Amino acid sequence: MTSAARYRRSAATIRLTGRGPAPTITPLSLLSSALDRGVDEQVLSQLISLHERSSAEDARRAFETALTAAKAELPVIAKTQIASIGAKHYRHEDLAEIARTISPILARHGLAYRFRSNSEGERVTITCVISHRNGHSEENSLSAGADHSGDKNAIQAIGSTLTYLQRMTLKAALGLAAADDDDGKAAGVGETITRQQTRELLALIDEVGGEREALLRFFKIKAFAELPARRFRQALVMLNARKGRA
């Protein structure tokens with residue numbers, strides 16, 4: 001039987017039976033039907049909850065799809081700023097340059113970011129929120145003490161920490177890579193983390209359920225005691241980001 005004949009037979013069957021393809025049943029269609037039938041309040045409440053959960057899941061999926069597409073377009077961020085701590089110098093990304101680079105890409109995919117902050121004494125916490133136009137959002141937080149290096153006054157010390165945490169939480173949320181990645185080099189070129197830092201890192205890995213072998217491969221080391229001191233903060237940011245999504 002040719003395709004044309006099959007189509008004519010299918011069309012004739014539909015005319016004879018008066019039935020076409022079955023309509024798709026969704027939580028919204030169920031809710032609409034229930035409203036038409038005048039169901040009781042308990043059933044209506046359950047259908048509303050079902051619709052809300054379905055809408056939230058759709059929004060989450062749209063967020064994941066948009067974020068994946070945006071990440072594929074995000075470039076490596078150039079380190080254009082030079083900072084000094086004592087006699088040591090290192091390069092880092094400029095937050096304004098990151099914003100100029102990523103904002104148009106995120107906007108094309110319906111994404112945006114913002115920061116929340118709070119402080120307790122000199123300890124500052126920054127939360128980076130990535131949101132999608134369909135309503136879903138995800139966030140991660142990082143805390144640190146005021147940065148008094150370089151003879152900063154109290155306000156400058158807090159401002160330096162705020163800027164640093166904004167950069168690091170945004171990078172962690174979007175998986176941004178930076179060229180010539182030596183941020184935090186003032187911690188010591190060639191130095192490895194201390195025993196206390198190793199214990200802190202291992203405890204955080206256990207807390208967030210991180211895969212040790214994957215982290216070792218990422219940092220190209222055989223044991224966490226070999227982690228360069230300049231990359232300790234990067235490891236904490238990565239793990240805290242995972243903790244925020246758990």
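In the hairpin formed by strand 4 and strand 5, four residues lie between the strands, and G135 takes a positive phi near 115°. Strands here are DSSP runs of E with at least two residues, helices are runs of H or I with at least four, and both are numbered from the N terminus. The structure is a predicted model, in which local features need pLDDT of at least 70 and side-chain atom pairs count only at pLDDT 80 or more, while totals for chains, interfaces and linings use all residues. Residues are numbered from 1 along each chain as its sequence is written, and side-chain values use heavy atoms, with hydrogens and water left out.

Strands of a sheet pair through backbone hydrogen bonds, and the pairing is either parallel or antiparallel. Two strands are taken as paired if DSSP finds at least two bridges between them.

Strand 3 and strand 4 (residues 123-132) are joined by ten bridges in the antiparallel sense. Here N118 stands opposite T125 in strand 4.

Contact means heavy atoms within 4.5 Å.

Next come the charged side chains. Side chains of opposite charge can pair when their charged atoms come close. A salt bridge is counted when a side-chain nitrogen of Lys or Arg is within 4 Å of a carboxyl oxygen of Asp or Glu. The whole structure has six salt bridges. One of them joins E57 to R60, with the closest N and O atoms 2.6 Å apart. Both residues lie in helix 3 (residues 41-73), three residues apart, which is about one turn of the helix. E57 also forms a salt bridge with R61, at 3.1 Å between the closest N and O atoms. E57 and R61 are four residues apart in helix 3.

Another salt bridge, between R108 and E73, has its closest N and O atoms 2.7 Å apart. This pair links distant parts of the chain, with R108 in helix 4 (residues 95-108) and E73 in helix 3, 35 residues apart. R108 counts as exposed because its relative accessibility is 53%. Exposed means over 50% relative accessible area, buried under 20%, and partly exposed in between (1.4 Å probe, protein chains only). E73 is partly exposed at 35%, and salt bridges that share partners join E57, R60 and R61 into one network.

The mean pLDDT (the predictor's confidence in each residue, from 0 to 100) is 75 for the protein chain, and 65% of its residues reach 70 or more. Among the elements, strand 4 has the highest mean pLDDT (93) and helix 1 (residues 3-17) the lowest (47). Over residues 10-18 pLDDT stays under 50, and the model has three contacts beyond four places in sequence for them.
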